[in-house]
Amino acid sequence: LGLVGESGCGKTTVGRAILRLLDPTEGSVIFDGIDLSTLRGEVLRKTRNRLQIIFQDPYGSLNPRKTIETTLTEPMEDHGLGGNHQQRRDKAAELLVEVGLPGRQLLGRYPHEFSGGQRQRIMVTRALLADPRVIVADEPVSMVDASLRATILETLFRIHRDRGISLVYIT
């Protein structure tokens, strides 16, 4: 689904409402027949695993003090996903390869060691960790070089096609 509009019209607000990062002031967000605004606690937390976001700014989205391994394995551990530490590490490496990065070689590195396009692919990897059903991609290529935009878009649409993940693309 493409969500298109001019700057300031509320596209990102809609994306955040879909994810329950913001509560809608009107209307509702229905996912699997359930109004997300009615969910609380552990039920909301488990539902959020199935709804992920890729933010516009890959520079501000990664903690500069954490390695890529920690960035990718901590959320799996926090949500009880991926088994033991080695299994989580293996899954992170596999997903990095899936988005076009050299996997295990990157795990010990820090965000400042990557280009904008590589960082955004790491953000795509992070969105895939919980095997989501929906990914909200909020202008995911606006802050990367023009030469990399097509590659990242191709990756997103391949993931959509191959994994059956619904993609809400904000632009």
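Gly 82 touches Gln 87 and Arg 88, leaving out residues up to four places away in sequence. The model described here is predicted. Gly 82 sits in the loop between H3 and H4. Its relative accessible area is 32%, so Gly 82 counts as partly exposed. Ile 159 lies 77 residues from Gly 82 along the chain, and 19 Å separates their C-alpha atoms.

The buried residues of H3 are Ile 68, Glu 69, Thr 71, Leu 72, Thr 73 and Met 76. These buried residues pack against H4 and H5. Just after H3, Gly 80 adopts a positive phi of about 65 degrees.

Helix H1 covers residues 11–18, and Lys 11, Gly 15, Ala 17 and Ile 18 are buried in this helix. Viewed down the axis of H1, the buried residues fall within an arc of 160 degrees, so they line one face of the helix. Strands contribute to the cover over these residues: E1 (2–3), E4 (51–54), E5 (134–138) and E6 (166–170) are included. Just after H1, Arg 20 takes a positive phi of about 65 degrees.

Nonpolar side chains tend to be buried together in soluble globular proteins. The largest nonpolar core in this model has 30 residues. Leu 96, Ile 122, Leu 128 and Leu 156 touch the most other members of this core. At least two core residues come from each of H3, H4 (85–98), H5, E5, H6 (146–163) and E6. The most, 5 residues, come from H5. Leu 156 is in contact with Ile 54, Val 124, Ala 137, Pro 140, Leu 167 and Tyr 169, with neighbours within four places in sequence set aside. A second core is separate and has 13 residues, among them Val 29, Leu 44, Ile 53 and Val 136.

Empty space was examined next. Rolling a probe the size of a water molecule over the atoms shows where such space is left. The largest pocket has a volume of about 450 Å³. Two or more residues of its lining come from each of helix H2 (41–49), E4, helix H3 (68–78) and helix H5 (116–128). The lining is made up of 18 residues. Arg 48, Leu 51, Gln 52, Ile 53 and His 79 lie nearest the centre of the pocket. By class, the pocket lining holds 12 nonpolar, 3 polar and 3 charged residues.

The largest cavity has a volume of about 40 Å³. Ile 135, Leu 156, Ile 159, His 160, Ile 165, Ser 166 and Leu 167 line this cavity. H6 and E6 each give at least two of the lining residues. H6 has the largest share, with 3 residues. The cavity lining has 5 nonpolar and 2 polar residues, and no charged ones. Leu 156 lines the cavity and belongs to the largest nonpolar core. Leu 167, a contact of Leu 156, also lines the cavity.

Note on methods. Residues numbered from 1 in each chain as written. Predicted model: local features only at pLDDT ≥ 70, side-chain atom pairs only at ≥ 80, totals over all residues. Heavy atoms only, no water. Buried < 20%, exposed > 50% of the residue type's maximum accessible area, 1.4 Å probe, protein only. Helix = DSSP H or I, 4+ residues; strand = E, 2+ residues; numbered from the N terminus. Arc of directions from axis to C-beta. Contact = heavy atoms within 4.5 Å. 1 Å grid on protein atoms, 1.4 Å probe; cavity = no way out; pocket = protein on both sides within 12 Å on 5 of 7 lines; lining within 4 Å. Points joined across faces, edges and corners; volume = space filled by probe spheres on them. Nonpolar A, V, L, I, M, F, W, Y, C, P; charged D, E, K, R; others polar. Core = buried A, V, L, I, M, F, W, Y, C linked by side-chain atoms within 4.5 Å.
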